[in-house]
Amino acid sequence: TSGLIMCHLNGPFIKILIGKPELLVIIQYIAVFLPNSLHQEETFYVPLFTPVSPPVYLSVPQVICDVSLAQISDVDKAVSAAKEAFEEGQWGKMNPRDRGRLIYKLADLMELHQEELATIEAIDSGAVYTLALKTHVGMSIQTFRYFAGWCDKIEGSTIPINQARPNRNLTFTKKEPIGVCAIVIPWNYPLMMLAWKTAACLAAGNTIVLKPAQVTPLTALKFAELAARAGLPKGVINILPGSGALVGQRLSDHPDVRKLGFTGSTEIGKHIMKSCAVSNVKKVSLELGGKSPLIIFSDCDMDKAVRMVCSFISVFFNKGENCIAAGRLFVEDTIHDQYVKRVVEEVNKMKIGDPLDRSTDHGPQNHKAHLDKLVEYCQTGVKDGATLICGGKQIQRPGFFFEPTVFIDVQDHMYIAKEESFGPVMIISKFKGSEVDDVLRRANASEYGLASGVFTRDISKALYVSERLNAGTVFVNTYNKTDVASPFGGFKQSGFGKDLGKEALNEYLKTKAVTIEY
């Protein structure tokens with residue numbers, strides 16, 4: 001079969017052996033469970049993670065393993081299993097508190113396997129291991145625990161209405177799960193994006209068919225095994241590695257899918273939205289592209305403003321493969337030269353190398369096609385007249401390594417001022433401190449509105465700027481500070497709907513009004 005739906009409970013999912021000093025990695029076979037229905041099981045071994053010979057050395061680009069490619073028939077089977085689990089299985093009848101208990105158990109298992117998950121993430125996505133452990137995996141665990149606590153707190157309300165005398169009326173609302181939900185996630189934070197959407201979806205009582213990015217399916221597969229071990233019933237979670245054009249399109253079109261949550265590019269998001277409308281008017285939430293502005297005033301804490309930008313918080317965080325990366329910096333002209341000098345000094349200190357080496361600051365880009373786009377992006381910047389003061393090229397060593405890059409003298413009309421790189425590229429423009437409204441106009445002159453930031457010691461200025469920045473998140477004197485309890489999502493062509501926080505539950509619930517006359 002070509003399909004991978006859910007892991008069977010038998011046997012280990014992935015075994016990783018790490019030797020010194022070359023960080024030798026061996027990935028073994030995987031046992032897979034394909035739910036043809038809730039009552040029939042088919043267990044088989046596929047060469048999904050095959051023993052590697054010769055071994056994989058992460059210092060050179062090699063094939064890690066072969067992954068089974070789902071087809072349309074697999075999508076239909078997965079959706080059917082999810083629908084049956086929701087409508088007829090124990091999940092749909094389960095007490096919300098018991099549902100929360102299972103999700104807590106899943107989070108505990110993820111924590112127990114956090115080093116394994118972080119290692120898989122580093123191998124598969126190029127994320128530095130220390131970041132993968134703390135953020136990719138750490139925040140994923142926090143997300144499941146947060147939403148596990150919401151399971152028995154989802155409630156409606158009573159509403160006073162005009163009475164139908166001489167009788168009386170009672171009107172109340174119920175929050176109910178939607179049913180089968182499709183989730184399509186990107187390759188930059190494979191496990192964390194899975195968690196952000198899946199945790200809220202499960203807490204609300206839905207069943208899931210999830211498509212991981214084609215280039216980063218491995219932690220999603222490990223997650224499936226842990227979910228099975230946690231005791232989630234068959235058919236509740238279904239993982240389909242495959243292409244967006246095939247699997248993603250079928251999920252968008254499928255008549256039994258009632259909700260689709262997507263994180264990815266604006267272009268694909270528009271296509272998904274259209275398909276969901278034409279097929280069966282699915283509920284949709286979209287977290288799309290960004291070009292997040294960061295405004296740095298001369299009265300800022302200079303040390304902090306430099307540290308936040310250069311210590312992998314705003315621009316270079318996760319190799320720049322970060323949807324809310326500070327895509328364009330506006331630096332007040334009186335401190336511009338000093339700021340740029342200090343930034344370049346810090347960039348030159350970065351250690352670039354093997355993501356499993358814990359002293360590494362900056363790992364390889366996710367895949368070759370993305371690396372090639374970064375090279376082209378920087379060439380366009382130079383051609384348009386921006387000044388490249390460091391980086392801008394692929395590093396001449398094996399692997400998809402790209403130099404951390406800084407551009408200055410970037411004018412508003414330039415391509416790199418308007419479009420995101422999704423890589424370690426800092427775009428710096430000047431502004432005059434007396435022209436606050438003008439820099440706000442420039443910062444908002446984008447079709448994106450995902451995140452933004454401001455650095456200033458003046459609280460009045462900070463509040464004024466934060467009120468006028470047209471973005472779903474505004475950071476003041478910090479950046480990239482997301483939390484599982486705070487809603488996350490964009491405006492304009494950065495999408496709509498929220499991940500995280502209480503508001504995320506509404507993306508996976510429907511409201512029913514009930515009126516009784518008595």
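This is a predicted model: local features need pLDDT of at least 70, side-chain atom pairs count only at pLDDT 80 or more; totals for chains, interfaces and linings use all residues.
**Start with everything shown.** Colour by secondary structure: the protein has 16 helices and 23 strands. Switch to a surface. Of the 518 residues, 57% are buried. Now think about contacts. Among those with a separation of 6 or more, 73% join residues 24 or more positions apart.

**Select residues 218–230.** This is helix α7, with 13 residues. From first C-alpha to last, α7 reaches 19 Å, close to the expected 18 Å. Is α7 enclosed or open to the outside? Buried means under 20% relative accessible area. By that cut-off 12 of its 13 residues are buried, so α7 is largely enclosed by the rest of the structure. Show the side chains. The buried set includes Leu218, Leu221, Phe223 and Leu226. Lys222 and Glu225 are also among the buried residues.

**Step on to Gly231.** This residue sits just after α7. Its phi is positive, about 100°.

**Select Glu287.** An unreviewed UniProt entry annotates Glu287 as "active site". Find Glu287 in strand β12, which spans residues 283–287. How accessible is Glu287? Its relative accessible area is 3%, so Glu287 counts as buried.

**Show what touches Glu287.** Leave aside neighbours within four places in sequence. The contacts of Glu287 then include Met193 and Lys197. Phe262, Thr263 and Gly264 are in contact with Glu287 too.

Note on methods. Residues are numbered from 1 along each chain as its sequence is written. Side-chain values use heavy atoms; hydrogens and water are left out. Helices (H or I, at least four residues) and strands (E, at least two) are DSSP runs, numbered from the N terminus. Buried means under 20% relative accessible area, exposed over 50%, partly exposed in between (1.4 Å probe, protein chains only). Contact means heavy atoms within 4.5 Å. The expected span of a helix is 1.5 Å times one less than its number of residues. UniProt positions are given in the numbering used here, feature names are shortened, and annotations may be inferred rather than shown by experiment.
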